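Have the structure open beside you as you read.

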Amino acid sequence: MRESFTRFVLGGSRKNVSLISFSFAGICLLFAAFSVVSLWAAEGKPIAAGETSVSVEAVKDDGGEQDKITIDSDFPGGNIRVDSIEGDLVRVRPDLRGGSSWFYFAFRVKNAQGHTLRFLFDAKNRIAARGPAVSLDEGKNWRYLSQEPNADSREFTYAFGPEDRSVIFALAPLYTRKNWDEFMAKYQGRGDVELSALCQSPKGRNVELLRIGKGNPGARFAVVLTCRHHACEMTASWVLEGMLEEVLDEKSEFGAYLRENAEFFIVPFMDKDGVEDGDQGKGRKPHDHNRDYNHELYPEIRALKSQVAENFSPESGKKIFFMDMHCPWIRSGKHEMFFSMLPKESWISEAANNYLGAFEKYQNEGEIPYALSHNIPFGKGGNTMASFAKLENGIPTASAKIWACGLSNILCSCTVEIPYSNSSGVEVMPRNARELGRNLSKALADFLENAESAE
Ligand SMILES: [Zn+2]
C-alpha cells in the first residue's frame, strides 16, 4: 500500500524553488519567503501559461524515493489558481484575470498516480452538473467524472489510477486552435474551402477565418457564423464543427443545397487570445467581446463588421443569415437546456423561430432534446435591452446579434446557447454536440429554401 504524506512545496517548474529544502541562509531571506507563502495563500497563486506551477512533494514512508505532484495550467486553454495544498486537500479557484466572478477552469495534475486528491473550489457553482471533464491523454478524449447530473458544484475527489501520470480537469471538453486545425485538416485541398485570417489578435495571433464558396456566383445568401465571443464557451465550438461537417459533406443533400446557394463566412474564435490563454472572456473589463459592437475596442470586432459590410453589402444582392454561438450559465433550469434568446425586432424574432422550428424537427432524431418552447422571447427572463446595452462613456454596449439585426439586408440574426455538460438530462459530449450542429445546418438549408420561395 502506498502510504504517503505530503509536504507543501511552492515551486516553479522552471525555477524550482523549494521552501522546504530552504537552508536558512539568513533571517531576512526567511521573512521574504514567508511573505511569499502568505501572499499566495491569501490571493491564490495564478498559474498562467508559460509561468510557474505549484507542486506538492509526496514522500513515501519507506523513505528516499520521491514523486513531485505538480498542478499546472501551462497548456492552451489552461486556467487555475491554487490557493493551498494541505495533505490531500487542494484548494483552487478560477483565475478571473480581472473579469467578474465566473467558473472557467482547466488544469493538469501530474505524478499523482496512486493518490486520492480532493479539489475544493472557493465558492459554489464552479463545477457543472456532471462534475469536471477529465482527460487522460492531454485533451484528446474526455469523460465526465459524474455519470449523473448531480455532481457537487464546489468540489470533487479523484482517485488517480496507477497509469494516471497526467490528468486534465476542465469545465467541459476543451476546444482550442489545435482542435480547429485538426478538424480543418480533413478539408485540405477542397477548392470551395478557404482558410485565411480575419485579422491579427491584440497579442499577434492569426484570427482564423473560414470561407466556403467564396465568390460563388450562384449564392443568394451569405451565412455568417461566429463562436467564442466569450472565450470559455468551448461547447459551442463542437456544435460549430458539426454544422461545418454537414455543410461540407459531399454526400449530404443539405450540404449540396447550402454550398450551391450560400456563401459562408465563419470566425471560430472571436476572442482568439482569450481562447488560447484560457481566459473566461465572459465579463471581461470594461466589456467583453460580445458587448463591443458599438465601442469596437477589439480588432476582431472591427474586422468582422468591416469585412461583412465589404463582402455582403446590400448591393451584392445577398441576404445575410447570422448566428452567434454561446454557452449559457453553468447550471440549473434554462442553463441546462439548448435555447435561443430571441431578438428584439419582431420580424427577425419570427425568422429565428422559423429557423429553429426546422431545427426542432431534425433534432427530434438527435440525442440532445430541443423544443421551440425553450426559446426566450425578447423582454422575458433576462432577455432585455438592460442585459445587452449598458451605457459606457455615453455609448450603449451592443452584442453581435444587435449589430446583425441592424444590417439592412439581414434575413435572420440569432444566438444559440449550448449547455456546457448537461442538456435536458443528457450528457453533452463532442459527439452529440456535433450531431446537434449537423441538424442546425439541415435546418438552415430548409430555412433558406423557404426564404427563397417566399420572395
Ligand atoms: Zn456567451
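Before we start, one term: two residues are in contact if their C-beta atoms, placed from the backbone, lie within 7 Å. Keep in mind, too, that this is a predicted model.

**The big picture**

The protein has 455 residues, and 48% of them count as buried. It has ten helices and 22 strands. Now look at contacts between residues at least 6 apart in sequence: 75% of these join residues at least 24 apart.

Two packed helices are described by the angle between their axes and the distance between the axes.

| Helix pair | Angle between axes | Distance between axes |
|---|---|---|
| α3 and α10 | roughly 50 degrees | within 6 Å |
| α3 and α4 | about 85 degrees | 6 Å |
| α4 and α10 | roughly 55 degrees | within 9 Å |

Start with α3 and α10. Their axes cross at roughly 50 degrees, and the two helices are therefore oblique to each other. The crossing of α3 past α10 is right-handed. Which residues of α3 meet α10? On the α3 side they are Thr235, Trp238, Val239, Leu240, Glu241, Gly242, Met243, Glu245, Glu246 and Val247. Their partners in α10 are Pro430, Ala433, Arg434, Glu435, Leu436, Gly437, Arg438, Leu440, Ser441 and Lys442. Sorted by class, this contact has nine nonpolar, four polar and seven charged residues.

Next come α3 and α4, which pack at an angle of about 85 degrees. That makes α3 roughly perpendicular to α4. From α3, the residues involved are Glu246, Val247 and Leu248, and they meet Phe254, Gly255, Leu258 and Arg259 of α4. By class, that contact counts four nonpolar, one polar and two charged residues.

The last pair is α4 and α10, whose axes cross at roughly 55 degrees. That makes α4 oblique to α10. What is the hand of the crossing where α4 passes α10? The crossing is left-handed. Phe254, Tyr257, Leu258 and Asn261 in α4 are in touch here with Ser441, Lys442, Leu444, Ala445, Leu448 and Glu449 in α10. This contact divides into six nonpolar, two polar and two charged residues.

**One face of α4**

Let's zoom in on α4, which covers residues 253-261. Which of its residues are buried? They are Phe254, Gly255, Leu258 and Arg259. Looking down the axis of α4, you'd find these buried residues within an arc of 125 degrees, so they line one face of the helix. Here's a handy rule to go with that: an α-helix has 3.6 residues a turn, so residues three or four places apart point the same way.

**A closer look at Met243**

Back in α3, find Met243. Is Met243 buried or exposed? A residue is buried if 20 or more other C-beta atoms lie within 10 Å of its own. Met243 has 27 other C-beta atoms within 10 Å, so it is buried. Leaving aside neighbours within four places in sequence, Met243 is in contact with Leu225, Gly437, Arg438, Leu440 and Ser441.

In the loop between α5 (272-277) and α6 (299-311) you'll find Pro286. The peptide bond leading from Lys285 to Pro286 is cis, with omega near 0 degrees.

Arg97 sits in the loop between β6 (89-93) and β7 (106-110). Its phi is near 50 degrees, which is positive, although Arg97 is a residue other than glycine. With 18 other C-beta atoms within 10 Å, Arg97 is partly exposed.

Glu138 belongs to the loop between β9 (133-135) and β10 (143-144). Glu138 is not a glycine either, and has a positive phi of about 60 degrees. Glu138 counts as exposed, with 12 C-beta neighbours inside 10 Å.

Notes. Residues are numbered from 1 along each chain as its sequence is written. This is a predicted model: local features need pLDDT of at least 70, side-chain atom pairs count only at pLDDT 80 or more; totals for chains, interfaces and linings use all residues. Helices (H or I, at least four residues) and strands (E, at least two) are DSSP runs, numbered from the N terminus. The arc is that of the directions from the helix axis to the C-beta atoms. Axes are lines fitted to C-alpha atoms, for helices over the stretch in contact, and angles run from 0 to 180 degrees between N-to-C directions. Angles under 35 degrees count as roughly parallel, over 145 as roughly antiparallel, 65 to 115 as roughly perpendicular and the rest as oblique. A crossing is left-handed if the near helix is turned anticlockwise from the far one by less than a right angle, and right-handed if clockwise. Ala, Val, Leu, Ile, Met, Phe, Trp, Tyr, Cys and Pro count as nonpolar, Asp, Glu, Lys and Arg as charged, and the others, Gly among them, as polar.
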